Amino acid sequence: MNGILIILIVGWAGLASSGMALDTSLPIRIMMEDGSPYYIPIAPTIVSHTPIQWDNPTPTHHTVTHSGCIEDEGSCLFDSGSVPPGSSFSLPGLPAGRYTYHCRIHPIMRGQLIVTDSPSIPSQL
Ligand SMILES: [Cu+2]
């Protein structure tokens, strides 16, 4: 009984140290919602160059528009255009930084991406 427990713990530690947590091949998924907070999760911490995918399960069109596309300062780094119901929008990944974005159709919809080169940094900034 105790032996099995030890094997489980050692096995888990082995998986953790083999870099599974650093796997950047699977996209981060963000869900669009018609109600607050509109983008779920609203401000995920993402390892740089990890693909990011927004899914739109709502009956409404939405966009994923970087704030730089509308505001004067900065440059326009991504803009999905209209994402129809049941569709999704993907980015191949972003360099480290903090990105705010919103929906052009519903300006109340706002989200944020916290992209970091150091996956060991906790999500509280
Ligand atoms: Cu919208």
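**Close-up views of a predicted chain**

**View 1. Three bridges link E3 to strand E8 (residues 110-116), and the two run parallel.** The model is predicted: local features need pLDDT of at least 70, side-chain atom pairs count only at pLDDT 80 or more, and totals for chains, interfaces and linings use all residues. Residues are numbered from 1 along each chain as its sequence is written. Strands (E, at least two residues) and helices (H or I, at least four) are DSSP runs, numbered from the N terminus. Two strands pair if DSSP finds at least two bridges between them. Thr-45 faces Ile-114 of E8. Ile-46 has Val-115 in E8 as its bridge partner.

**View 2. E3 belongs to an open, mixed sheet of four strands, ordered E3-E8-E7-E5.** Strand E3 (45-47) and strand E5 (65-66) form the edges; each has a single partner strand, so one side of each lacks a neighbour in the sheet. E7 and E8 run antiparallel and are joined by six bridges. Gly-97 sits opposite Val-115 of E8.

**View 3. Side chains alternate along E8.** Gly-111, Leu-113 and Val-115 point to one face and are buried (20 or more other C-beta atoms within 10 Å of the residue's own; exposed means 12 or fewer, partly exposed in between; C-beta atoms are placed from the backbone).

**View 4. The largest nonpolar core holds 16 residues.** A nonpolar core is a set of buried Ala, Val, Leu, Ile, Met, Phe, Trp, Tyr and Cys residues joined through C-beta atoms within 7 Å. Ile-52, Trp-54, Val-64 and Leu-113 touch the most other members. At least two residues come from each of E1, strand E4 (52-55), E6, strand E7 (97-102) and E8. Beyond four places in sequence, Val-64 touches Trp-54, Phe-78, Ser-80, Val-83, Phe-89 and Tyr-101; contact means C-beta atoms, placed from the backbone, within 7 Å. In soluble globular proteins, nonpolar side chains tend to be buried together.

**View 5. A second open sheet has four strands in the order E2-E1-E4-E6, with mixed pairing.** Strand E2 (39-40) and strand E6 (88-91) lie at its edges with a single partner strand each, so one side of each has no neighbour in the sheet. Strand E1 (residues 28-32) pairs with E2 in the antiparallel sense, over two bridges. Met-31 stands across from Ile-40 in E2.

**View 6. Glu-33 occupies the loop between E1 and E2.** Glu-33 counts as partly exposed because 15 C-beta neighbours lie inside 10 Å. Tyr-38, Ile-40 and Thr-58 are its contacts, leaving out residues up to four places away in sequence. Glu-33 and Pro-57 are 24 residues apart in sequence, with 7.5 Å between their C-alpha atoms.

View 7. Along the sequence the pattern reads α-β-β-β-β-β-β-β-β. Of the 125 residues, 20% are buried. Among contacts with a separation of 6 or more, 58% join residues 24 or more positions apart.

Notes:
Two residues are in contact if their C-beta atoms, placed from the backbone, lie within 7 Å.
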